[in-house]
Amino acid sequence: MSLHEASYYSFEGESIMEEAWQFTSKHLKEVMISKSKQGDVFVAEQAKRALELPLHWKVPMLEARWWKDIGLAEKLSFARDSLVASFVRSMGSMGIVFKPQLAYCRRIRTITFALISVIDDIYDVYGTLDELELFADAVERWDINYALNHLPDYMKFCFLALYNLVNEFTYYWLRNIQAYLVEAKWYHGKYTPTLGEFLENGLVSIGGPMVTMTAYLSGTNPIIEKELEFLESNQDIVHWSFKILRLQDDLGTSSDEIRRGDVPKSIQCYMHETGASEEVAREHIKDMMRQMWKKVNAYRADKDSPLSQTTVEFILNVVRVSHFMYLHGDGHGAQNQETMDVVFTLLFQPIPLDDKHVVATSSPGTKG
């Protein structure tokens, strides 16, 4: 099992580590099946978890009033109301964002994730193409009077929420909305892009670059110009990390989203391009993710990188949290029970401590 975990830290071209992955994957599947038959649930479950999601891809540790007051969930009934899942994503995405001094960053990230879901739903399943182009134009102009005079009522609510929250992050939101518009034009024009076309636009539309920039600007002190310029360029580790994010999201959500009238995702693009079945396409996407992680591992180990290790880790934790949220389907939008059980355990159930770690309170014999 340790060798299997180690294989996920490999770089491109390391054939021995690739053979190790193939060897350990085969044997762990056999162990999982045999131990299940023998009733050894503990070992079988360990093997299953190792095969599902390696430790390297997991997050190191797994503000609602504003959202309730603006009432987007009630006013836009077609959109996903996923504030709790957004909060979990915001905590995981930086790895250190759970610290008390990062409360502002945590708030910005939570609301950013929630707004991404709402605007994504407007572009994917609700708005007409004319309305979607109008909304993109309103964001580009960033003129509240223009928005109130030209947007349909349901878009006004969304624009006002966006305007009131993220005035300082307008440029990054505009890039995201422009990427949504590209996908909407594909859908309304009945055009299925190649997998390559989809991913180049999809690494932006998934929200990774925008979320990373808002996190960096709201949670970093001091802001380093060299790091900021590198993050804005969407190259190297940023580029490959958010392609992984896009692919993992598609693996978990595309079936449900296609049923509700969403645009084709990476799986459907590959099927259309090659004639492959959905099962084959899904396996191809999983292998693409594993190969992309090798590129990410190499950039992560690069001592000449302009990014600090802290910045690299919060980029990777955006990706890691997606592996968790979409491992068993859509843990963000549809919020399947298995994912939400873990979420509520993380947020609301106390962590048991061994006696040696328990700190005494003012009351003798009381444990806290």
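Buried means under 20% relative accessible area. The exercises below use that cut-off on a predicted model.

**Exercise 1. Which residues of α16 are buried?**

Solution. Start with the cut-off: under 20% relative accessible area. Apply it along α16, which spans residues 266-274. The buried residues are Ser266, Ile267, Gln268, Cys269 and Tyr270. Then set the helix against the whole chain. Of the 368 residues of the protein, 49% count as buried.

**Exercise 2. Describe how α16 packs on α17, from the axes down to the residues.**

Solution. Step one is geometry. Two packed helices are described by the angle between their axes and the distance between the axes. Here the axes of α16 and α17 (residues 278-300) come within 9 Å and cross at roughly 115°. The crossing is right-handed.

Step two is the contact. From α16 come Ser266, Ile267, Tyr270 and Met271. From α17 come Glu278, Ala281, Arg282, His284 and Ile285. By class, these are 5 nonpolar, 2 polar and 2 charged residues.

Step three is spacing. An α-helix has 3.6 residues a turn, so residues three or four places apart point the same way. Check this against the numbering of the contact residues, including Ile267 and Met271 on α16, and Ala281 and Ile285 on α17.

Step four is burial. Ser266, Ile267 and Tyr270 of the contact are also listed as buried.

**Exercise 3. What phi does glycine 275 take, and which residues other than glycine have a positive phi?**

Solution. Begin just after α16. Glycine 275 takes a positive phi of about 80° there.

Next, lysine 190. Its phi is positive, about 55°, although the residue is not a glycine. Lysine 190 lies in the loop between α11 (170-188) and α12 (195-205). Its relative accessibility is 77%, so lysine 190 counts as exposed.

Last, aspartate 236. Its phi is near 50°, again positive in a residue other than glycine. Aspartate 236 sits in the loop between α14 (225-232) and α15 (237-259). With a relative accessible area of 27%, aspartate 236 is partly exposed.

**Exercise 4. Where is confidence lowest and where is it highest?**

Solution. The protein averages a pLDDT of 78, and 73% of the residues score at least 70. Now go by element. The lowest mean, 48, belongs to α6 (residues 83-94), and the highest, 95, to α16.

Over residues 90-96, pLDDT stays under 50, and the model has 29 contacts beyond four places in sequence for them. Over residues 355-368, pLDDT also stays under 50, with 10 such contacts.

Methods:
Residues are numbered from 1 along each chain as its sequence is written. This is a predicted model: local features need pLDDT of at least 70, side-chain atom pairs count only at pLDDT 80 or more; totals for chains, interfaces and linings use all residues. Side-chain values use heavy atoms; hydrogens and water are left out. pLDDT is the predictor's confidence in each residue, from 0 to 100. Helices (H or I, at least four residues) and strands (E, at least two) are DSSP runs, numbered from the N terminus. Contact means heavy atoms within 4.5 Å. Axes are lines fitted to C-alpha atoms, for helices over the stretch in contact, and angles run from 0 to 180 degrees between N-to-C directions. A crossing is left-handed if the near helix is turned anticlockwise from the far one by less than a right angle, and right-handed if clockwise. Ala, Val, Leu, Ile, Met, Phe, Trp, Tyr, Cys and Pro count as nonpolar, Asp, Glu, Lys and Arg as charged, and the others, Gly among them, as polar. Buried means under 20% relative accessible area, exposed over 50%, partly exposed in between (1.4 Å probe, protein chains only).
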